[in-house]
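This briefing covers the nonpolar cores and the pockets of one protein model. Please look over the sequence and the structure before reading on.

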Amino acid sequence: MTDFIDSFEDEDPFDCAGLRLTVDLTALTENWKDMARRSGKARAAAVVKADAYGTGIEDSGEALYMAGARDFFVATVDEGVTLRPYAPDARIFVLSGIWPGTERRLFENDLVPVISSEEQLAFWMAVLAEYGDYPCALNVDTGFNRLGLSMDEAIALADDVSRPASFAPVLVMSHLACSDDHSSEMNRQQLESFRQVSAAYEGIDSSLAASAGIFLGSDYHFDLTRPGIALYGGEAVNDMVNPMRPVVSAEARIIQVRTAKEGQSVGYGRAMRLTRDSRLAIVSAGYADGYLRSQSSGGVPLRQTVPQGGQGFVAGRKVPVAGRITMDLTIFDVTDLAENAVRAGDYVELFGKNVVVDDVARSAGTIGYEILTSIGLRHERRYLHEED
C-alpha cells in the first residue's frame, strides 16, 4: 500500500482543492495606493479585520505594509498579535479595545486599544495607574449609536484637568453611518459633530472616514483615513461605478456533470422545474463555505423580491444557479455551453474578475463585505504577486 501511495507525484493542494481562493496582492496594494491618493493630505491606514476581509491577514497585511501602510486596524487582540510580525513598526489599533486579561498580550505586541465606553475607560485608567504611560485611541459616537463614548463624555474628558498625565490618546475617531449614500444629510451632521470632538482634542490625530467616507471629499479626511472594503475590491459607495481593482477570486470544482429531462425537478423541495432537457454541473461549495443559500434560483424568500439568483462563470460564460444551494454543493445550469465545454474536475468561478462580488451579494440580498468575509471556510488559498 505504501509503495502504491508513494507512486503518486506530490500534488499542489491548490490544484485539487474543492474550493480555492486566489488573492491578487498587487491589486490589493494598488487599491491601497489609490485610496491613499484619494485621501489627499491625510495618511491612509489599512483595515485588516476579519482576517483581512477573508484574504489572509498575514500575507495581505505584509503586502500592505510593504506598500507603505503604517497604521492598521484590527477587530481583536488576537488579530493584532497575528499581524504584528508582518507589520513590525506599524501602529496597530484594536477596535474592540481592552478588557481584563488582555493587557499582557496587548503590551507585549505593542497594540493600541481603541477605548469606546466609560467602562473601558475606567479599566484603562486603572491599567495606566499600574503600568504607566501607554498610548490609546478614543472612539466617539457622533450619531451611529453603535460603539463609542458619547459626545458629552468625550468633550468632558478632554476638559478634565484632573485626568492622569499618563492618559495620552494618540487618535480620536468616529464612524459614519451613511457614507455609502452621499446624498444623506446624516453625513454632514456627523461631520459637524466630529469637528467639535476634534477641536476638543487639538494636537491629536483625528479620523472619521472609512472607504466610503474618503469619497465624500477632503472635509471628511482629517489626519487619518481608514479604507477597508475598497482595498479588497468591493463597492464602497452606492450608485457609483466601482473604481477599485478586483482582488479575490473564488472557484469551486465540478464534481459531476449530469443530464436531466424537461419536466424534472432539481434539488431540495423541487424548487426548480426544468423547462428543457438540461445539463447540470454540481460543484463542491455550499452555504457551509459561505456561498449563501439565499442565492438559490428558487425555494427561498428572496426570489420573490430579487428575481435573479446567483451566477457562476465557466468556459467563457456566466451560468445560473439551479435549485437550492445546499450545505456542501451548488448546482449550475450549463445547458447553454457547448456539450464538451465543461467536465468533472473543471472549476466554476463563484466570484472574481468575471462575476463581480457585489453582484453576487445583490443576488443574495446582502453586501460584498459578507460574501468576502464568509467564503472559504474550507479552502485553499493562493497569492498572486506582481512577478506572477
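Which elements each supply at least two residues of the lining of the second largest pocket? They are α2 (25-38) and α4 (57-67), helices being DSSP runs (H or I, at least four residues) numbered from the N terminus. The model is predicted, so local features need pLDDT of at least 70 and side-chain atom pairs pLDDT 80 or more, while totals for chains, interfaces and linings use all residues. Residues are numbered from 1 along each chain as its sequence is written, and side-chain values use heavy atoms, without hydrogens and water.

**Pockets**

- A pocket is an open set of points on a 1 Å grid over the protein atoms alone, where a 1.4 Å probe fits, with protein on both sides within 12 Å along at least five of seven lines; lining residues have an atom within 4 Å of a point.
- The second largest pocket has 13 lining residues, and Leu-25, Thr-26, Thr-29, Ala-63 and His-385 lie nearest its centre.
- The largest pocket is lined by 43 residues, with Lys-49, Arg-146, His-175, Ala-210 and Tyr-369 nearest its centre.
- Two or more residues of that lining come from each of α3 (49-53), α10 (211-214), α11 (357-364) and α12 (368-374).

**Nonpolar cores**

- A nonpolar core joins buried Ala, Val, Leu, Ile, Met, Phe, Trp, Tyr and Cys residues through side-chain atoms within 4.5 Å, where buried means under 20% relative accessible area (1.4 Å probe, protein chains only).
- The largest core has 107 residues, and Leu-64, Phe-72, Leu-350 and Phe-351 have the most contacts inside it.
- Helix α7 (residues 118-131) gives the largest share of this core, six residues.
- A second, separate core of eight residues includes Val-266, Met-272, Leu-280 and Ala-322.

How values were computed. Buried means under 20% relative accessible area, exposed over 50%, partly exposed in between (1.4 Å probe, protein chains only).
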